[in-house]
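Subject: Structure handover

Hi there,

Here is the structure I promised to pass on to you. My notes on side-chain contacts follow just below it.

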Amino acid sequence: MSDQPSIINNVSTQFQEQFNRSPSVIVAAPGRVNLIGGHIDYNDGFVLPMALDRKVVIAADIKEGKKSSNLYSCRFESMAEIPLECTRTPHTSEWYTYVEGVLAQCKAQGIEIPAFDALIYSDVPVGGGLSSSAALEVATATLVEAITGNRFEQAQKALLCQEAEHRYAGVPCGIMDQFSSVFGKVNALMLLDCQSQELKHIPFAGESLVVLITNTNVSHNLGDGEYKKRRVQCDGALKKIGASSWREVSLKDLETSRSLLSSIEYNRAHHVVTEIERTIQASEAFINQDWLRAGSLITDSHNSLRDHYDVSCVELNTLVDILNELGVDQGVYGARMTGGGFGGCTVSLVKADSVATVQKTLHQRYAEKTGIQANSFISRPAQGAQVLQNRLLTK
Ligand code: GLA
């Protein structure tokens, strides 16, 4: 379901089946893949993601005079009811917690949202490190804009969604996922300075190179707890080094402070300091269309996430190893894990004319080594959140 008219038709038909009328509003928000800058958005670093052409689409219609909204998830084939007052205890692991969290944050900002029926469709893999939850949050905030006429300032919209993730899903994520889903641009990567929140779009329009995303199809479920631990370890290390931001810390400073840190803290800090530098260098390599350099920095990033930050797993390493064995001769410039880690996806830079063969070999060798079937897809950098249809405006 990729082109816009077929998306609109498909969700409209499904909405009609669930709610016996047509939707007045249809909105969409994409998932993202991060090319480099792993686990440094919450460490004042830089990240280099792009929005995917896979997204969450919500079709909805207002229902006057009701006290709760109904949400239908096509993926989970499940209906949820969200009371308008949004006072339920957060932190549930239910799929609708992301929607409820955003509605609650909007309400906390004084936005009155009428009750609505909504159908949620998504082709962003869940648990793949591709920000399916941020896409759902940003799609919800975009729906709120469409049905209330209230327009958020775009960065504020991303931050509101991040807050919903913190409070309702209990994940202390950085700003990358929600910013990517809001600010995505066709044929551009986003260099996001997570300290100043300044964003620079970097053209990525060539036909000769593709971004290949491969799902290990495992999720080790360590994610959230380990994620929080990494944040604590980094904050602790920074304090011991005596700096107020990782941006002030050079590799030389780190070596000077080494004796103050535990070996785990040293390793985490090593990743953060080197990854900040790698991400800046990679953005320059992309600007210069130097794919060899960009690819080798991406592979270095994986090695650091695996050895120093310890957020990879056997399956991710297996995919990256196979891609590296293929190497530039067979069309692969570089590969790394993407997202939170402990399963999920890898991202790799591959020559367009080699990609079909790379996918075939990768799936085959991965299945031989792990007994698991991987799947992969190519994505162009895509548009951020948008309203696809709004009949309320013409009423
Ligand atoms: C998750 C978080 C992001 C980021 C990545 C790791 O996706 O939601 O904020 O920290 O992990 O780069």
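**Salt bridges**

Searching the whole structure turns up 16 salt bridges (a side-chain nitrogen of Lys or Arg within 4 Å of a carboxyl oxygen of Asp or Glu). Before the details, please note that this is a predicted model, in which local features need pLDDT of at least 70 and side-chain atom pairs count only at pLDDT 80 or more, while totals for chains, interfaces and linings use all residues. Residues are numbered from 1 along each chain as its sequence is written, and side-chain values use heavy atoms, with hydrogens and water left out.

One of the bridges joins Lys63 to Asp117, with 3.1 Å between the closest N and O atoms. This pair links distant parts of the chain, 54 residues apart: Lys63 is in the loop between strand 3 (49-62) and strand 4 (68-73), and Asp117 is in strand 6 (residues 116-122). Helices (H or I, at least four residues) and strands (E, at least two) are DSSP runs, numbered from the N terminus. Both Lys63 and Asp117 are buried (buried is under 20% relative accessible area, exposed over 50%, partly exposed in between, with a 1.4 Å probe and protein chains only). They also belong to a salt-bridge network with Arg21 and Asp61.

In helix 6 (residues 223-241), Glu226 and Arg230 are four residues apart, so about one helical turn separates them. Their side chains form a salt bridge at 2.8 Å, N to O, and both residues are buried. Another bridge, between Glu112 and Lys107, has an N to O distance of 3.8 Å. Here Glu112 is exposed at 59% relative accessible area, and Lys107 is partly exposed at 31%.

**Rings**

There are eight aromatic pairs, counting rings of Phe, Tyr and Trp (its six-membered ring) whose centres lie within 6.5 Å; planes under 30 degrees apart are stacked, over 60 edge-to-face and the rest tilted. Phe76 and Trp95 are stacked, 6.3 Å centre to centre with 15° between the planes. Phe76 is partly exposed, with a relative accessible area of 45%, whereas Trp95 is buried at 11%. Ring pairs join these two and Tyr96 into a cluster.

Finally, two charges over rings (NZ of Lys or CZ of Arg within 6 Å of the ring centre and within 35 degrees of the ring normal). Arg54 lies over the face of Phe377, 3.8 Å from the ring centre, and the charged end of Arg258 is over the ring of Tyr266, at 3.7 Å from its centre.
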